[in-house]
Amino acid sequence: MSEELEQLLSQLTQPDNAVIQQVTAQLKQAFKDPAVVPALLTLCPQVRQSAAVVLRMRVKKHWKKISPDHRESLKAMVLQAFQQETEHAVRHSLAQLSAVMVKHETPDQWPALLSLLNQSTKSNDPQDRQVGLLLLSKVVESNPEPFEPHYQQLLQLFGTVLQDLENPTALYYCMHTLTAIIAFTGSGELNLMRSLIPRIIVALKHLIKADEDQASECMEVFDELMETEVTIIVPYIAEIVHFCLEVSGDAALSSSLRVKALSCIASLIRLKSKVVLKQKLLNPILQAVFPILSAAPPPGHEDPEDDEDDSDEDSESPKHVAGQVIDTMALHMPPEKLFGHLMPLIQACLASENPYERKGGLMCMAVLAEGCADHIRTKMLSSMLQTVCQSLSDSNQVVRSAGLFALGQFSEHLQPEVSKYHAELMPLLLGYMSSLYQAKMLHVTKAFYALENFLENLDENIQPYLPTLMETMLSALSNSDNLRLKELTVSAIGAIANAAKEMLVPYFPPVIESLKGFLTDTKDEMRALQIQALDTLSVLARTVGKDIFRPLAAECVQLGLNLSDVVDDPDLRRCTFSLFSAVSTVSPECLTPHLTAITTTMLMSLKSTEGVMAHLNEDKQFVLLDDDEDEEEGTGDIVLEGESEEDGPDVAGFSVENAYIDEKEDACDALGELAFNIGVAFQPFLESSFEQVYALHDFPHEDVRKSAFAAMGQFCRAQHKVWQENPLTCQHLEKFDKRLCLLGVVLPCFLEAVRQERERQVVMAVLEAMNGVIKSCQGEALQTPGRLTEICHAIRDVLKKKTVCQDGDADDEDDEQEAEYDAMLQEFAGEGIPLLASAVPAETFLPYLNDLLPLIMNKAKSSCTVADRSFSVGTIGETLHSLVGVAGGRGVAGRLSNRLLPVLVAGVKDSDAEVRNNSVYALGTLAEAAGPIVASYPLLFLEISMERERVIDNLCAALCRMILSNVAGVPLEQVFPVLVAQLPLKEDLEENKTVYRCLVFLYSHSPVLNAMLVLLQSMSQHHPQEFEAAMMSLPVEERTRITSAFSQS
């Protein structure tokens, strides 16, 4: 038998599937003989590894069919073979076989295994210890939880092994096992675990010298600690950071190891930024990271982002991750603290003769734009833009490309202020566009990136540049054969459309004509251009105007359906989803006949595991052996009822292609928007859509979770809107009673995510979705007993920094300084306060308002940032505005007035125009809400000649609110001429409603007709032609009365 088995196993390694399948069939027959199992463990050395793998496959799938006696016999034979084996590869496979058996037999049911582990790992022989640790690592990794009673003993063992610095293989297996159990340890193991950190660092240093790849794997222990119980490593953060900086700064080490070290630093900053600052690690990190960021590539090479021939977009280099470290700092640290250390380093780089150092300075400025947007916009924008503009004329293309990237980042994140520099920046960008055919495509790509981001937010300021831009774009589409250039051009047209909107209508016919050619060409080489054309078509649907696009709506729906059927591509499906969403804003009725097909495709994308790649532990040629069909009954042992056999190969982990992540994200977004825009016709698809979207609220990728939460909010709003618009129809439909059930599922899910979600951006999305639901559904969202309390407590927890995604447990002395994104998270929470105030009676909300107001008012202190002060008084103003429209609002506003007045009056005198603007608005809403009790301070507003236009507009609106609230308390003779002199409003046109309401009020009250005379005189002076035309349209008698009144005044 042994010779026959050896011959069969030797053929398994041949690169021929037909042979492997034949051998597999023969092995299946052989396994019907119980003597095969012991025979497999005694074969010649050349095939023993294959025998162990085959046996592992068999045991994994058929363990339940093996009789208890045979199991015990097999366990003994495996351990004996393991102890006698001398070949490492075979020993490794036998350890994996033992691991599979431990999955079925808990350690306590296999005392011989525990005895062997105990004996070998404590042996005085280094080789025995190494072998024992190999076995330990495999059996624990396969099933960590059953070993929980032994964790303390294991941790003590690890403490000893980590000091065996001359045995790097033992260190490797030790840290692998430690990493496996971290997620399952409890409070009883925390101190033991914490005591291992210094030894882990020392052990890693030794392992790096022996095997860099193994050391890189073992650094996963820090990742696992940070993800599971970051408090364990807090006392040793300085030691970990210094170790990682030492590794990352050593150019002689492998890129993967240096990347691992830099990623570890970024994670520590993300999770424990306050501790990093408190332990004064910011400057050492920057001093180590900057040389990596600004290092020149090896001679004869280029950085990946500058290399025209580099097609591996996903590769991470130390330089790339060094930029991510600074990006993470910007997102998680107070800019006031960060910039003091950063700017000298940036300035030194920018002044360097070395082009890669100049590039490093620009790349650093670029990655700061997102996380430190407010700080840059308010304090540094002009100087930083000047630096970037100068870089665009640098003699070195590497520097110019970095400058374009920085300009693109500024344009994306520093709005609206950066758009005000269009007169300086647009000529530079148009200059780049004029040389499209001469430059390298990689450089052209960066130029388009900068142009798109800048154009997208120009709005009406794009008008003078529109003819040149569209001439350039249409020319590129007509005259270039370069598909990449056409793709970039089509994308740029979408950005132009976002800004130009209806101004693009004259260019719409030639643009659509070009897009049609790209949309219908399904050749593989045209795919990227086709996908971009779909994206731009969606933008056009939303921007050029309904009347212009509506004739194309039905054709667009059919195009999307046809492409989904013909082409199997996640990016293309994603774009068809966006196109359907865009059409729903223009002509929802065009989608109704096709909703079954559309939603089926979207739900398939949500359910799909396509793009999920499993990384297998075993060799590929053995996977065939894991596909056994059920064997004849009666040939083996009994399968226990209710217990299923494990299927599938051993999986080391999973990864998902980005395109499939994006597809799920866009499917969620599209379903939410379709439900809201289509209304009643979408109702039959709402339940199935909700079920699939809800299932993704805990999806591993944060962008999918964000979209799932947003879509759930849209479903609630859609259901409410249908009920509001079709009350008679809905009353007779039982399924519409589910709207409250939908809210009953969604809001608790939102609240749980606010408390427990780890990613700050996801919590922002949840708060935004919850605010949208409260705004739309009002009191209906709060009908469940205790719901108002739960939501208010969630808002309070965010404002107090008590949620999981906030680093709220660090004892920071200067807590008023925080990262801008932390402040932004609190703003999303604060936006819920006025929404709740408008949804319930004022007296009901007052206890919660008393709880929340101090947290908001605390941010109005002069020591707080401009953003915090603006948020504080703005939230107060919006909350008071909400009280105007609810029962009992006047009484509650009156009781709050003494607390709020000092804050708002101080805000009117703030050094920042936005804070003054919001304070003026809040004073006006306080007067309107509280009535005569606070309408006695209009003279505060008379000195307005030096104010900015937006603040003046809000001053006018505030005066109008005071007049509306208590006309008797306002000295109209003084106030009204000042008010009229500032009309019409210049910027905040939303406040025209308040102004007109006031004018109508004054006109209807005869005692104040003199005030109306002032208005008419002002109109005749500032708009003489229009006033004269209006006068001539009046009857003669009316015209005479007005003329007479003018002459008497």
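In helix 7 (residues 111-121), which residues are buried?

Reply: A quick word on ground rules. Residues are counted from 1 along each chain as its sequence is written, and the model is a predicted one, with pLDDT of at least 70 needed for local features and 80 or more for side-chain atom pairs to count, while totals for chains, interfaces and linings use all residues. Side-chain values use heavy atoms, leaving out hydrogens and water.

On to your helix. Helices here are DSSP runs of H or I with at least four residues, strands are runs of E with at least two, and both are numbered from the N terminus. Buried means under 20% relative accessible area, exposed means over 50%, and partly exposed lies in between (1.4 Å probe, protein chains only). The buried residues of helix 7 are Leu 113, Leu 116, Leu 117, Ser 120 and Thr 121. Looking down the axis of helix 7, these buried residues fall within an arc of 105°, so they line one face of the helix; the arc is taken from the directions from the axis to the C-beta atoms.

As for what sits over the buried residues of helix 7, the cover includes helix 5 (68-84), helix 6 (88-104), helix 8 (126-142) and helix 9 (151-161).

Now zoom out. The protein has 51 helices and two strands, and 54% of its 1049 residues are buried. Calling it a contact when heavy atoms are within 4.5 Å, 75% of the contacts between residues at least 6 apart in sequence join residues at least 24 apart.

Packing is described by the angle between the two axes and the distance between them. The axes are lines fitted to C-alpha atoms, over the stretch in contact for helices, and angles between N-to-C directions run from 0 to 180 degrees. Angles under 35 degrees count as roughly parallel, over 145 as roughly antiparallel, 65 to 115 as roughly perpendicular, and the rest as oblique. A left-handed crossing has the near helix turned anticlockwise from the far one by less than a right angle; clockwise makes it right-handed.

Take helix 18 (residues 335-350) as one partner: its axis and that of helix 16 come within 10 Å and cross at roughly 25°. Helix 16 and helix 18 are therefore roughly parallel to each other, and their crossing is right-handed.

Helix 15 (residues 255-278) packs against helix 16 at an angle of about 150°, with the axes 12 Å apart. Helix 15 and helix 16 are therefore roughly antiparallel to each other, and the crossing is left-handed. Among the residues making this contact are Leu 262 and Ile 265 of helix 15, and Ile 285 and Val 289 of helix 16. By class, the contact of helix 15 with helix 16 has nine nonpolar, no polar and one charged residues.

Gln 409 sits in helix 22 (residues 397-413) and is buried, at 12% relative accessible area. Beyond residues up to four places away in sequence, Gln 409 touches Ala 366, Ala 369 and Tyr 449. In the loop between helix 22 and helix 23 (422-433) lies Pro 416, joined to Gln 415 by a cis peptide bond with omega about 0°. Lys 501 isn't a glycine, yet its phi is positive, about 50°. You'll find Lys 501 in the loop between helix 26 (483-500) and helix 27 (508-519), partly exposed at 33%.

How values were computed:
Nonpolar A, V, L, I, M, F, W, Y, C, P; charged D, E, K, R; others polar.
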